[in-house]
Amino acid sequence: MQNADQRDLGVRLVARKQGIFDKCFIESPMTSVGRHNEEIQRNIRLWKKKPVLNLIYRNFHETIARQLPNLPAGLVVELGSGAIDITETIPQCVRTDIFPNPWIDRVENAYDLSFPDASVSTVILFDVFHHLRYPGTALSEIRRVLVPAGRVIIFEPCVSLLGLIVYGIFHEEPLAMKQPVQWEAPKSWSPADLDYYAAQGNATRIFLRQGMPIADSGFCMLTTKRISAISYVASGGYSKPQLYPDRAFPLMRFVDRMCDLLPDIFGTRLLVVLEKTVK
Ligand SMILES: C[S@@+](CC[C@H](N)C(=O)[O-])C[C@H]1O[C@@H](n2cnc3c(N)ncnc32)[C@H](O)[C@@H]1O
């Protein structure tokens, strides 16, 4: 049997042969879940080299924080916190991930949460939803731990015209726009069977094109908002070159506000808020 390293090497070799069409429309071959932690450790190093990213993520977290007032009592939990500290903006948030990194409050898998039923008021998924191979199965587990009228706040890549170019061409993860979304896991699957899955187009397809049974899953959609975030894409994120000097950040924020007027063209980030309904 192949070990994980051999499989990863195989995946990288196959990925190199993939063209842009494949990257936009189909998902990547299977990779071990450990790749997430490799990326987390890499992002910590890159984060320190790009001060502007700190400002950008703070803005994103403030957008999420604005969804929190007037929620029922209960914990605020982030799943898949990775390397970034959301508690700088939302101090009460419990930071979790599938990897026991030292800064994480507790280890949690979106498919198998350790929280009791109806104990959490809000679950935040920041760039995590497109890594969930079976989003319906994860949402059903999240619903279990939410109090009545509790919320899921999802922040994801948005596939507008600009989003298609940015994520389709310049980001290593696939958009997978033509790959069928597997809403629910097969019966034989277990939450311990995690692999590295990425389909950046999933949130756009599921929440903006409404291709999936959200209402049947016991949620109603309260908000979908496309955000231009030109300051983010032009920062190059973690791994690509920054296209503007740090001192131009206030100007870039002005550009963001102008481009927010045309979200079909310029939306690159998608905010979704779901509320738990009574089935
Ligand atoms: C792209 S990173 C995002 C990290 C962080 N939220 C951010 O915005 O920088 C995806 C994160 O999701 C986590 N993740 C992947 N599958 C998960 C699962 N089944 N349950 C919880 N977290 C998961 C990964 O470990 C990783 O930290």
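Which residue of β6 stands opposite V120? The points below begin with that pairing.

1. V120 has L146 of β6 opposite it. The model is predicted: local features need pLDDT of at least 70, side-chain atom pairs count only at pLDDT 80 or more, and totals for chains, interfaces and linings use all residues. Residues are numbered from 1 along each chain as its sequence is written.

2. Strand β5 (residues 120-126) runs parallel to β6, joined by six bridges; strands pair if DSSP finds at least two bridges between them. Between β5 and β6 the chain passes through helix α5 (residues 135-145), a right-handed β-α-β crossover. Right-handed means a clockwise path from the first strand over the helix to the second, with the strands pointing away from the viewer.

3. β6 also pairs with strand β9 (residues 269-276), antiparallel, over seven bridges. In this pairing V152 stands opposite L274 of β9.

4. Nine of the twelve residues of β6 (residues 146-157) are buried. Buried means 20 or more other C-beta atoms within 10 Å of the residue's own, with C-beta atoms placed from the backbone. For the chain of 279 residues, the buried share is 37%.

5. The ligand is surrounded by 19 residues, the closest being H36, G80, G82, A110 and F126; the criterion is a C-beta atom, placed from the backbone, within 6 Å. The shell comprises eleven nonpolar, six polar and two charged residues. Asp, Glu, Lys and Arg count as charged, Ala, Val, Leu, Ile, Met, Phe, Trp, Tyr, Cys and Pro as nonpolar, and the others, Gly among them, as polar.

6. The chain has ten helices and nine strands, taken as DSSP runs (H or I, at least four residues; E, at least two) numbered from the N terminus.
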